[in-house]
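Thanks for coming. I have a few places in this model to walk through, so please look at the screen.

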Amino acid sequence: MSSPNSAYPDIPETQTKPKRHEWPLWEVFIRGQHGMSHRHVGSLHAPDEEMAIKNARDVYTRRNEGVSIWVVEASHIAASSPSEKGPLYEPSESKVYRHPTFFDIPEEVGAM
Amino acid sequence: MADVTQEQLFEFLCRMGDNTLVLGHRVSEWCGYAPVLEEDIALANTALDLIGQTQMWLGLAGEVEGKGRTADDIAMLRDVWDFRNVLLAEQPNGDFGQTMMRQFLFDAWHLAMLTALTKSTHEQIAAIAAKAVKEVQYHVERSGETVIGLGDGTSESHKRMQDALDLLWPYVGEMFVNDAIDDAMAAAGIAADLAELRAQYDAHVTPVLAEATLMIPEGGFTHKGGKTGFQHTEHLGHLLTQMQWLQRAYPGATW
């Protein structure tokens, strides 16, 4: 049975201990050179947070992708459950007026 | 300020370039075999950094020599007796711990050496060092963290790291033994005095090994003969048969 708060709710969590000792899974977020917020880029294994940042540097920033790296243990991420997507998201589908698409944004404002 | 001869400068550049070439090839041997994917990528990155530095050092060596040899010619078409790398660089990978110990012991020297070379009176050498030192700063952080993690880890990992240190420590001294070439470079302000680097090295390495709960072996014995070309260990010849195979079998092959 998967926990509703797991970062990967679709993947059942094993209740028994893993057969092999594995390093914990870390989710990696990188702020790009020109981006404004950290974006999730993927995940990796590492023994601790310092090595997770070093591994993220090697796995995800080889091509000058980032100026800042965040890592967080995947088990610390709370996620919504796919089975609740009806009540969570469908009520906003018919409310087009919630999208502020009727305004012209001046160019000087830049990315929003 | 004293002048150095073209031969001395060529020799010095080959030492720098052969260290990174031979160690870079050694580290690349892990590609596809490292214990976990993340370490595999990190080791391959380190190897690529070192090979990139080799291109700069041996490229400059070829220019200084003035016989039209490229970095590739120097790397791929010399035999064992012409290589000027320290013996530490050519030692086999062993287990992952031994590889990381070798890396840390080399990286700490490499960082001290390159930091000094950024102030070289030779403009091109200072420029190469400035580019390389940023990569090496990262190498030594990673290898040092790994040495601490494994040394102060389980009894199995601790034992393997102590064995690696016992095996490799006698190769450390060679990086600091100076000869006429080093003296000439220091006198001309091209490179630093190796004795000064040793003090920096010890100040860096000793606390890391202490934190890793590892004991530095006693005794001052040092294997040497690599950087002078006097005598390499048997491992270098085997490495070259792999590294140079393509150019030997198909001379001039390109892609």
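Just after helix α8 of chain B, Gly189(B) takes a positive phi of about 75°. Helices here are DSSP runs of H or I with at least four residues, strands are runs of E with at least two, and both are numbered from the N terminus. Before going on: this is a predicted model, where local features need pLDDT of at least 70 and side-chain atom pairs count only at pLDDT 80 or more, while totals for chains, interfaces and linings use all residues. Residues are numbered from 1 along each chain as its sequence is written, chains are lettered from A and ligands numbered from 1 in the order written, and side-chain values use heavy atoms, with hydrogens and water left out.

Back to α8(B). At the start of that helix, a side-chain oxygen of Asp179(B) comes to within 3.1 Å of the backbone nitrogen of Ile181(B). A polar contact, for us, is a pair of N or O atoms within 3.5 Å; within protein, one must be able to donate a hydrogen and the other to accept it, and residues adjacent in sequence count only if both atoms are side-chain atoms.

Which residues of helix α8 are buried? In this helix, residues 180–187, they are Ile181(B), Asp182(B), Ala184(B) and Met185(B). Buried means under 20% relative accessible area, exposed over 50%, and partly exposed in between, with a 1.4 Å probe and protein chains only. Seen down the axis of α8(B), the buried residues fall within an arc of 160°, so they line one face of the helix. The arc is taken from the directions from the helix axis to the C-beta atoms. They pack against α1 (6–28) and α9 of chain B, with contact meaning heavy atoms within 4.5 Å.

Next, the loop between α9 (194–211) and α10 (234–243) of chain B, where His232(B) is found. Is His232(B) buried or exposed? His232(B) is buried, at a relative accessible area of 12%. A polar atom of its side chain lies 2.8 Å from the backbone oxygen of Phe83(B), and the backbone oxygen of Gly226(B) lies 3.4 Å from a polar atom of that side chain. Leaving aside residues up to four places away in sequence, the residues that His232(B) touches include Val80(B), Arg84(B), Leu87(B) and Glu90(B).

Thr213(B) lies in that loop between α9 and α10 too. Its phi is near 55°, a positive value in a residue other than glycine. Most residues other than glycine have a negative phi. Thr213(B) counts as partly exposed, at 38% relative accessibility.

Last, the cavities. On a 1 Å grid over the protein atoms alone, a cavity is a set of points where a 1.4 Å probe fits but cannot get out, and lining residues have an atom within 4 Å of a point. Grid points are joined across faces, edges and corners, and a volume is the space filled by probe spheres set on the points. There are 2 cavities of 30 Å³ or more. The largest cavity holds about 90 Å³ of space. Asp182(B) is one of its lining residues, and Arg84(B) is another. The largest share of that lining, 4 residues, comes from α1(B). The second largest cavity has about 60 Å³ of space, and α2, α5 and α6 of chain B each supply at least two residues of its lining.

How values were computed
On a 1 Å grid over the protein atoms alone, a cavity is a set of points where a 1.4 Å probe fits but cannot get out, and a pocket is an open set with protein on both sides within 12 Å along at least five of seven lines; lining residues have an atom within 4 Å of a point.
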